[in-house]
Amino acid sequence: MRSLVVVLGILLILLGLVGVFTNIGLTHASPHIENGVLTVEKTPSPLDRPTMLDGLWRFYPNSHIDPIDIPEVGFIPIKVPEDWRKAGMGNGQTGFGIGSYVLRLENIPPGQYGLLLDTIYTSYDLFIEGQFVGNCGNPGSQAQETLASFGDTLVNFSLNKTMSLTIVIHVSNFYHPVGGMGVAPIIGPAEQVIRFFILKIGLSIALVALFLSGSFMFLLFYGRSEDGSNEGGLFALLCITLSLKLAASNSLLTWLLPSIPIWLVSKIEYGTIPVAAAIFLLYSQKAFKIRLPKYFEIPFFGIMGIYTAVVTIFPIIYYQQYISIITIGVIIGLLVWIILFVTHKGPSFSYLVVFGACVLVCTMVLQQIYYDQGIPNVFLNQIVGMGMGFFMLVHAHAFSERFIRAEHDIHILTRELETKVEERTKQLHELNEQLSWRASHDPLTEVYNRNMLVQVMKEEPLDGPVSVFFIDLDNFKYINDTYSHEHGDQVLKEFASYIKRICRSTDGIFRVGGDEFIIILRDTGSKGAEALAKRLLAFTCLQSTDSAAEDYCQITCSVGIAIAKDGVENLDSLVRLADRALLISKKQGKNRYTMHLV
């Protein structure tokens with residue numbers, strides 16, 4: 001039984017990893033798309049197999065263009081897939097708005113083709129060569145005219161001769177904070193695209209069926225254990241919750257129930273995350289007699305409860321930006337659970353359960369990385385499903401062996417674990433302090449970094465005279481290329497050390513680029529700024545790089561200065577002015593300073 005569970009679980013995870021990393025054989029069209037045009041080469045043709053149409057499309061913002069008479073002006077290049085807010089679209093901090101995506105495909109060989117649209121926020125009409133061929137929801141120009149929906153659209157078309165065609169997608173989004181395309185459309189031979197679509201839907205159905213069958217098994221055989229606890233029932237409830245999560249996130253609910261409102265799908269998709277986390281914690285306490293520290297348990301249940309209430313009551317725009325934070329919190333909770341489970345090693349301990357939990361954490365981290373980096377992948381939502389499926393299988397095995405036996409011993413071990421957790425918490429606190437320093441400082445020069453500069457620029461307006469220096473080392477690339485990057489790092493450290501020596505303790509020193517520094521001086525007018533500028537120009541890094549060869553490198557700096565003699569409300573504008581002054585210093589021959597007064 002153990003071997004069978006391990007083999008099934010490993011096969012499940014391998015299938016998920018192959019699906020995520022390879023997109024099950026999908027190729028990418030981005031190397032071939034230029035300015036909204038994909039030119040299909042005859043040998044080899046990129047359309048010989050299912051291909052993701054990722055790359056730079058033409059995008060007409062704030063309009064649904066005529067799909068027949070496509071204007072040659074008024075468009076901007078936009079990356080697909082990508083949130084269209086990065087192209088200047090969106091209402092404030094949301095992806096609300098309308099637009100038209102256009103892609104021209106040249107020299108398509110004859111044959112039967114399939115086109116699959118996966119994730120587009122949140123309604124669209126699809127046109128091929130000006131002909132309407134499919135839609136999802138009802139895209140309108142106003143919110144009251146738009147019916148939002150999430151779902152797949154698969155269309156087939158045939159070509160009798162080599163020709164060109166244009167794909168136009170009218171998109172409307174007045175519901176989801178993200179706008180545009182989440183996954184690039186897929187085109188290829190009709191049979192292969194249909195097979196790909198069946199595989200995608202079939203995998204989602206298989207995962208949901210796995211959890212539902214697992215919940216039935218746990219209720220039937222382990223609804224109540226011999227000691228009167230209900231860990232089997234809790235785990236069955238967890239399986240049902242996860243099955244709902246998968247069905248909603250993989251658009252399976254929309255596919256099975258086309259009339260289901262999108263707001264309900266969203267609440268199921270995101271509301272099940274904290275509910276599942278809370279059920280799992282309750283289940284762990286019953287099944288393994290693991291008690292998390294109160295300072296972790298109470299806030300955890302509180303946050304999960306608040307987030308569930310927010311998802312239930314409010315529209316998605318109010319909580320979508322916090323989903324990643326909740327996911328990271330769940331990952332941290334699982335890691336804490338793994339630590340507690342491993343360290344107690346009581347009669348209920350199982351390396352297989354630990355392995356399953358680690359696999360689940362890895363899949364959640366992998367999915368989070370893909371989301372954060374914006375990496376396009378059709379099977380992204382299935383990867384966590386794979387991890388959860390494996391986790392369920394190992395628990396099924398654990399239940400079958402009835403590894404929960406010695407309650408008294410577990411209580412004793414739990415007290416020991418609480419002490420160890422306190423020690424771990426102390427270590428984490430020390431580590432957090434180190435991370436806090438690293439988040440605000442440049443590790444090489446030990447001055448503030450760009451993150452800290454952004455925080456400073458968000459502070460209250462500065463009174464009195466304020467001076468901003470924008471500094472760039474001259475010909476620094478030559479130092480790296482000639483004497484090595486290691487030597488270049490030493491030059492940066494010496495320059496930063498020199499700045500700290502000649503500046504006051506109240507001055508803010510920031511490294512904002514490879515060899516770029518910014519200094520913010522409060523209560524400093526033109527006279528003080530000019531004095532500091534002269535001292536900066538006096539810096540000379542003269543070091544021997546090879547004592548035998550007497551080879552020397554010398555470096556100077558250029559400075560741009562912006563001074564607000566009466567204070568400044570927007571520090572960002574003063575930084576930009578200093579940047580322009582720096583460019584003037586560079587153009588005038590470097591090793592000098594340029595000063596602008598506001």
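**Close-up views of a predicted model**

The chain comprises 15 helices and 23 strands (DSSP runs numbered from the N terminus, with helices being H or I of at least four residues and strands E of at least two). The model is predicted, with local features requiring pLDDT of at least 70 and side-chain atom pairs pLDDT 80 or more, whereas totals for chains, interfaces and linings use all residues. Residues are numbered from 1 along each chain as its sequence is written, and side-chain values use heavy atoms, leaving out hydrogens and water.

View 1. Of the 598 residues in the chain, 52% are buried (under 20% relative accessible area with a 1.4 Å probe, protein chains only; exposed is over 50% and partly exposed lies in between). The chain exposes about 28,500 Å², of which carbon and sulfur atoms supply 57% (Shrake-Rupley method, 1.4 Å probe). Among contacts (heavy atoms within 4.5 Å) with a separation of 6 or more, 75% join residues 24 or more positions apart.

**View 2. The crossing of helices α5 and α6.** The axes of α5 (residues 262-287) and α6 (residues 294-313) come within 9 Å and cross at roughly 155°; axes are lines fitted to C-alpha atoms over the stretch in contact, and angles run from 0 to 180 degrees between N-to-C directions. The two helices α5 and α6 are therefore roughly antiparallel (angles over 145 degrees). Helix α5 contributes K267, Y270, G271, P274, V275, A277, A278, L281, L282 and Q285 to the contact, and α6 contributes E297, F300, F301, M304, Y307, T308, V311, T312 and I313. By class, this contact of α5 with α6 has 13 nonpolar, four polar and two charged residues.

**View 3. The cis peptide bond at P81.** The bond from V80 to P81 is cis, and its omega is near 0°. P81 belongs to the loop between β6 (76-80) and β7 (82-83).

**View 4. The loops holding T122 and E129.** A cis peptide bond, with omega near -15°, runs from Y121 to T122. T122 is found in the loop between β10 (120-121) and β11 (123-128). E129, in the loop between β11 and β12 (131-136), is a residue other than glycine with a positive phi, near 55°. With a relative accessibility of 39%, E129 is partly exposed.

**View 5. S484 between two helices.** S484 occupies the loop between α12 (476-483) and α13 (485-502). Although S484 is not a glycine, its phi is positive, at about 100°. Its relative accessible area of 33% makes S484 partly exposed.

Terms used. Angles under 35 degrees count as roughly parallel, over 145 as roughly antiparallel, 65 to 115 as roughly perpendicular and the rest as oblique. Ala, Val, Leu, Ile, Met, Phe, Trp, Tyr, Cys and Pro count as nonpolar, Asp, Glu, Lys and Arg as charged, and the others, Gly among them, as polar.
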